[in-house]
Amino acid sequence: MAHLTRVLKSEWTKVTTVRSTLWTLVLAFFLTVSIGIAFSALLKNLSNEERGGPLDPTYVSFSGMSMGQLAMVAFGVLVVSGEYSTGMIRASLGAVPQRGVFMAAKLVACTALALLVGMVTSVATFFGSQLVLGEEKASITDDGVLRAVVCGGLYMTLMALFSMGVTWMLRSPLLAFSILMPFFFIVSGILGVVEATRKIAQFLPDQAGMTMLAVNDLTDFDRAYGPGGALLIMLAWVAAALIGGYVMLKRRDA
Amino acid sequence: MIELEGLTKRYGTKTAVDRLSFGVRPGVVTGFLGPNGAGKSTTMRMMLGLDRPTAGDVRIDGKHYDQLKDPLNHIGALLEAKSIHGGRTARNHLLCLAQSNGIPTRRVDEVLDLVGLGSVAKKRPSGFSLGMGQRLGIAAALLGDPRILMFDEPVNGLDPEGIHWIRNLMKHLASEGRTVFVSSHLMSEMALTAEHLVVIGRGRLLADTTMESFIEENSRTYVRLRAPEPERLRDVLVADGLAPTEGAEGAIEVEGAQAVRIGELAAEHRLVLHELSPQQASLEEAFMRLTAQTVEYHAHTALPGPGEPAAAPPPGQQQGWGPQQQKEGF
Amino acid sequence: MIEAVGLTKSYGDKTAVYQLSFQVRPGVVTGFLGPNGSGKSTTMRMTVGLDEPTAGTVTVNGLPYRRLPNAARQVGALLDAKAVHGGRSAREHLLCLAQLSGVPSSRVDEVIDVVGLGEVAHKRSKGFSLGMGQRLGIAGALLGDPPVLLFDEPVNGLDPEGILWIRNLMKQLASEGRTVLVSSHLMSEMALTADHLIVIGRGQLLADMSVKDFIAHNSQGYARVRVPEDRPDDPEKLRTALARAGGQLLPEEDGGFRVTGLALPQISDLAHEADVRLWELSPHHASLEEAYMQMTQGAVDYRATVDTRSSLQPLPQGMPGQGHAPQGHAPQGHGYPAGPGHPAPGAQGYPQQGYAPQPMPQQPGTGYGTPAPGGHPPQQQPWPGGAPGTQPYAAPTPGAPTSDSEAAR
């Protein structure tokens, strides 16, 4: 165990000493919070007809997450691909040849950081937005709101974790970005809107993830599962990506 | 101690390393030579557990690499390919390696000073020159003060001062009883550094021997003589059953005889010698002869080939002995 | 012919090249030496018009590169092996260059064969090894069959066969009457390739002379002598005889001796008079590296120091002691210098055991002795008739090196 602690410490140093990866986290925070607050300010002044239904003050505060998640994806891609694109992987595996330990330590260190930033972001965007919403605001003590805020942080963390797993399979930052970014930015959205693919698209990680953020009324979402189920779907995606990544790491030459 | 036993690596149908067996012993610098594509890097990567052997086995102090606890304390390696994240400062790069193996943080600053990078410890290596990157790689190899050191093309990008430094460092590490394994394409550099040689070609072992006997076995050795009375000397040599030949600028060359024997012979006949020097081919020449068959990309020109070296420097004098001086002679 | 006059290049307040004047003549290979950061690459870049000098000029055959008519036919350069678009095949890359400079495409296949890339001519250069990239770069330099060629670290990444090939290629190009300027950090390689040297340090000219003169000016040769092992008195007899004539006899690790201060025939005669038989009497020139080190000592940017290992536990057991004397150690005595605090035994300060007893010498990077100021007059003889004042392998004095480059000049 002493061994794992050391490797963890080393991975923590690794993730906190590269500026470009830290910037993605800063970006995730600012994108999510600023867009969330901006949307809240915009929607507050519209009538129910104009915004096509009653306002869900909690969900609106998470509007920026669709952008913020991309920064989290970038974080996940960078922490893993940085090892491969720079050749650092050779030094890393030279120091920690037990690949399972190496991967676990990296996941724990990066996830801890992502979770911290994710939670802070989720809480900040919620309370920031509520300030703007004025009379229409929700309270953290309302039914399901606390759960939604916690899930917001979890969602961002799990997106980062999912990207790490995918990148571990692909290795190349270019490849990982060019698959993950357009997918979450465009493809998933289209699939979720088009009637024919909607039934399947609801099980995609980001679609499921957004469902976790709903406070109570799921009719808007038209999902076959609830927030709990959504969390399980996300976890399944993350687990699949990580297992794939682990198998690749274990089997391939570094 | 590094031991290889039937080590083999295939990529599809191409065999990069073919049943390689040898041991690298402590106390001497062992040079690892071979043409491009001979499988040197693949072999080194398998030693470090980065590549998985198709067959066979490689052990570090009797263990597989991934069985080593805190491997940096056992073996330090500088690989030819860069293995540094350009965005992490030199110090932090070493720090995260040190932490993973429980090496004290102070050691990080120590090795940075040792390789001469103390002044740029807080700078990011993306701005480093090739030579500075190499120094950082060497620092990482020395981090755990390991008993086994492996260097792949260590002088790449270093300037003469750096080359001189790393050469002496390697010799010194070996003299402390460590195992030092170095690959290089620079024969003249190897001749100054290594005492033992492992040569591979097309993935197979071609030689595993001392530097001295490698050169002896793979090239011509002779004794060069100069004397104020060359005619008398020649007669004496012939009378003793030797076959003196004409060398450059009035020198006499004798193949197949020890300098000692000729010295005694000259003394017996009261002959004055102005030079009596045993000559040996360069490591480069010996290497070229051995590996002539296994080179992958041959250049085609009408230039002298490996069999006709421009110069045959005397032993231990491979460096700084240009053909120019050779012609000047004495 | 390349000619630099008062060439200067500053980046902000940092001066990379300062008042550099030299000529690179045709017909010989000229080596371009200097420590990292001394301005070699900048000078080469200015020569081929990539950088604009802050002051002064550098001309090729009388004209600045940018004013040369059809420059690609006049100057070929290998500056950065990676200046190749990875997605193009080797042949396409060269074809582009050929079309730019009006060279017929048949020449492309010619140079591809010359550098030995015939088999991979149609492969994309992305998958090329460093050595193959280097060969491609050399092919590009040769494309226009130019009379002036520049090579920056040409052997980088080449294997021994490639190194031998490029060395002979450069010599052949020079022998055809071309101007060949080649920079390298590999002194042993330079010694085999170059006839003439231009040495710079901190952007300023340190030397511009033939390799032979350079070595003679900056270091000292010696003779290696062996005497019969069954006559234990001989070394002493020889020492006395040589000392009377002003020579010094120093023991070497393998039982032989090194004689300084006397020419070979003199040694032979003295030994004869003293009735000492010689089993070996060979001339040894100092190496180019040694000479170079002495000249550039003050101009090095990153200097390595001592491994104190103070933060670590003592070595684990099973490590032989530090006094462990290596066998077959290079006989010319490029051993470890004794640290300043631990003068080696013997009046000359020459480290007799090669390895000093302390864990690490003080300045591994400056292993060569400091020259006595004003020490070595230019001489034709490999070593002077008598220079007892010089200590070719003296222990380095800390702090002194900086002033030595001036002293060496």
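Predicted model: local features only at pLDDT ≥ 70, side-chain atom pairs only at ≥ 80, totals over all residues.

Biologist: What is the handedness of the crossing of helix 6 of chain A with helix 7 of chain A?

Modeller: Helix 6 of chain A passes helix 7 of chain A in a right-handed crossing.

Biologist: Which residues in helix 6 of chain A meet residues in helix 7 of chain A, and how do you know that they meet?

Modeller: Two residues are in contact if their C-beta atoms, placed from the backbone, lie within 7 Å. On the side of helix 6 of chain A the residues that meet helix 7 of chain A include Leu107(A), Cys110(A), Ala114(A), Gly118(A) and Phe126(A), while those of helix 7 of chain A include Val149(A), Gly152(A), Gly153(A), Ala160(A) and Met164(A). By class, this contact has 13 nonpolar, seven polar and no charged residues.

Biologist: What makes the radius of gyration of chain A agree with that of a compact globule?

Modeller: A compact globule with 254 residues would have a radius of gyration near 18 Å, and chain A has 19 Å, so the value agrees with the rule. The C-alpha atoms of chain A fill a box of roughly 60 × 40 × 30 Å along the principal axes. As for secondary structure, chain A has 11 helices and zero strands, and its elements from the N terminus on run α-α-α-α-α-α-α-α-α-α-α.

Biologist: How many residues of chain B are in contact with chain A?

Modeller: In chain B 30 residues are in contact with 24 residues of chain A. Helix 2 (residues 90–100) of chain B gives the largest share of the side of chain B that touches chain A, namely six residues. The residues on that side of chain B divide into 14 nonpolar, 11 polar and five charged.

Biologist: Where do the domains of chain B and of chain C lie along their sequences?

Modeller: Chain B is divided into domain 1 (2–216) and domain 2 (220–280), whose C-alpha centres lie 44 Å apart. For chain C the assignment gives domain 1 (2–217) and domain 2 (222–284), and 46 Å separate the centres of these two domains, taken over C-alpha atoms.

Biologist: Why is helix 8 of chain C called oblique to helix 11 of chain C?

Modeller: Helix 8 (residues 211–218) and helix 11 (residues 288–296) of chain C pack at an angle of about 60°, with their axes 8 Å apart. Angles of 65 to 115 degrees count as roughly perpendicular and those under 35 as roughly parallel, and the angle between these helices therefore makes helix 8 of chain C oblique to helix 11 of chain C. The crossing is left-handed, and Val211(C), Phe214(C), Ile215(C) and Asn218(C) in helix 8 meet Leu288(C), Ala291(C), Gln294(C) and Met295(C) in helix 11. By class, the contact has six nonpolar, two polar and no charged residues.

Biologist: Which residues in helix 5 of chain B meet helix 11 of chain C?

Modeller: Pro160(B), Glu161(B) and His164(B) in helix 5 of chain B meet Glu289(C), Tyr292(C) and Met293(C) in helix 11 of chain C. The residues of this contact divide into three nonpolar, one polar and two charged. Helix 5 (residues 160–175) of chain B and helix 11 of chain C pack at about 115°, with their axes 10 Å apart, in a left-handed crossing.

Definitions and conventions:
Residues numbered from 1 in each chain as written. Chains lettered and ligands numbered in written order. Domains from an automatic or database assignment. Helix = DSSP H or I, 4+ residues; strand = E, 2+ residues; numbered from the N terminus. Nonpolar A, V, L, I, M, F, W, Y, C, P; charged D, E, K, R; others polar. Axes fitted to C-alpha atoms, helices over the stretch in contact; angles between N-to-C directions. Parallel < 35°, antiparallel > 145°, perpendicular 65-115°, else oblique. Left-handed = near helix turned anticlockwise from the far one by under 90°. Rg over C-alpha atoms; globule rule 2.2 N^0.38 Å.
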